[in-house]
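Subject: The structure I promised you

Hi,

Here is the structure I said I would pass on. Have it open while you read, and I'll walk you through what turned up.

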Amino acid sequence: MLKLVIANKLYSSWSLRPWLVLSAFNIPFEEVLIPLRTPESRGLVLEYSPSGKVPALIDGDVDGDVTVWESLAIIEYLAEKFPELAIWPRDVKARAHARSISNEMHAGFQAIRQGCPMHLGARFATPPLTEAMRACIDRIEDIWSEARNRFAGSQPFLYGAFSAADAMYAPVVTRFDTYQIPVREATRAYMDAVLAHPAFEAWRAAALVEPWRIPEYSDGHTPVESFI
Ligand SMILES: N[C@@H](CCC(=O)N[C@@H](CS)C(=O)NCC(=O)O)C(=O)O
């Protein structure tokens with residue numbers, strides 16, 4: 001059995017990514033949720049993850065267990081373990097593009113990640129957008145537009161059907177939505193498809209009934225609507 005160790009669904013953007021892949025592709029797994037920022041959090045996470053961060057995946061089907069940490073490494077592990085599933089697009093050009101943009105996400109866009117933390121419990125007024133934030137937003141919109149124009153056909157996701165790349169960008173979709181970032185019409189249509197995916201809806205529904213609140217995640221932001 002696979003075990004995915006995650007943190008709060010309301011806030012943990014890195015946890016959301018592999019969780020979406022597992023759920024969207026109907027891969028059975030057990031979930032272990034360790035709430036962030038409690039006195040026990042670090043010790044509990046270290047029981048599973050050598051980096052002290054989540055997500056981590058433990059594959060109990062392999063003799064002696066396999067542990068994988070880092071969201072993108074987990075997704076790659078799943079793609080390798082389940083080659084019959086199109087976790088990455090099947091077409092070589094689409095797959096190369098999907099891997100490139102997923103790595104770009106994993107390694108970058110710090111300004112938008114820091115300025116607009118994932119928070120599924122509220123909608124906030126758009127914060128003042130710095131030049132660095134605007135550059136991230138523009139680049140992300142260009143990436144989505146290029147992927148969709150080249151590879152999506154008439155289907156709603158980046159490469160047509162839902163793939164690892166959509167999972168990697170799902171927390172960005174929520175940030176654009178939560179902070180009401182002004183976006184192009186085509187960007188909004190893509191965001192709506194991700195937000196309506198049954199796997200994302202299941203994550204969000206679970207997030208909204210969590211008992212934990214971490215005020216730092218909304219520090220400096222003005223709520224205009226609350227969902228919790
Ligand atoms: N690069 C890592 C980032 C993991 C990460 O920062 N996880 C956060 C939760 S979203 C965490 O575990 N924070 C706990 C801490 O920093 O103590 C990945 O892709 O998985």
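Let's start with the sheet. Four strands form an open sheet in the order E2-E1-E3-E4, and the pairing is mixed. Strand E2 (29–33) and strand E4 (66–69) sit at the edges with a single partner strand each, so one side of each has no neighbour in the sheet. On average, neighbouring strands here are turned by 20° against each other, if you ignore direction. Oh, and keep in mind that this is a predicted model.

If pairing is new to you: strands of a sheet pair through backbone hydrogen bonds, either parallel or antiparallel. Have a look at strand E1 (residues 2–6) and strand E3 (residues 56–59), which run antiparallel and are joined by 4 bridges. Lys-3 stands opposite Ile-58 of E3, and Val-5 stands opposite Ala-56 of E3. E3 also pairs with E4, again over 4 bridges and in the antiparallel sense. On that side, Ile-58 has Thr-67 in E4 as its bridge partner. The hairpin of E3 and E4 has 6 residues between the strands, and Gly-64 in that hairpin takes a positive phi near 85°.

Which strands does helix H1 touch? Helix H1 (residues 13–24) touches E1, E2 and E3, and its direction makes about 150° with that of E1. Helix H3 (residues 71–81) packs on the sheet too, touching E3 and E4, with its direction at about 135° to that of E4.

Take them one at a time.

H1 and H3: these two pack at an angle of about 10°, and their axes are 9 Å apart. An angle under 35 degrees counts as roughly parallel, so that is what H1 is to H3. From H1 come Trp-14, Arg-17, Pro-18, Val-21 and Leu-22, which meet Ser-71, Ile-74, Ile-75 and Leu-78 in H3. Sorted by class, this contact has 7 nonpolar, 1 polar and 1 charged residues.

H1 and H7: the axis of H1 comes within 8 Å of that of helix H7 (residues 164–178), and the two cross at roughly 155°. Anything over 145 degrees counts as roughly antiparallel, and therefore H1 and H7 are roughly antiparallel to each other. The crossing of H1 past H7 is right-handed. Ser-13, Leu-16, Arg-17, Leu-20 and Val-21 are the H1 residues here, and they meet Ala-164, Ala-167, Met-168, Ala-170 and Pro-171 in H7. By class, that contact has 8 nonpolar, 1 polar and 1 charged residues.

H1 and H9: here the axes of H1 and helix H9 (residues 198–208) come within 9 Å and cross at roughly 125°. On the H1 side you'll find Leu-16, Trp-19, Leu-20, Ser-23 and Ala-24, which meet Ala-199, Phe-200, Ala-202 and Trp-203 in H9. The class count for this contact is 8 nonpolar, 1 polar and no charged residues.

Next, the ligand. There are 14 residues around the ligand, and those that come nearest are Ser-12, Trp-14, Lys-53, Val-54 and Ser-71. H1 and H3 are the elements that give two or more residues to this shell. H1 provides the largest share, with 3 residues. By class, the shell has 6 nonpolar, 6 polar and 2 charged residues.

Finally, two spots in the backbone that are worth a look. As background, most residues other than glycine have a negative phi, and most peptide bonds are trans. Where is the cis peptide bond? A cis bond joins Val-54 and Pro-55, with omega at about 10°. Pro-55 is found in the loop between helix H2 (41–46) and E3, and Val-54 has already come up among the residues nearest the ligand. The other spot is Phe-109, a residue other than glycine with a positive phi, near 60°. Phe-109 lies in the loop between helix H4 (92–107) and helix H5 (110–115).

Cheers

Methods
Residues numbered from 1 in each chain as written. Predicted model: local features only at pLDDT ≥ 70, side-chain atom pairs only at ≥ 80, totals over all residues. Pairing = 2+ DSSP bridges. Axes fitted to C-alpha atoms, helices over the stretch in contact; angles between N-to-C directions. Contact = placed C-beta atoms within 7 Å. Nonpolar A, V, L, I, M, F, W, Y, C, P; charged D, E, K, R; others polar. Near = placed C-beta within 6 Å. Parallel < 35°, antiparallel > 145°, perpendicular 65-115°, else oblique. Left-handed = near helix turned anticlockwise from the far one by under 90°.
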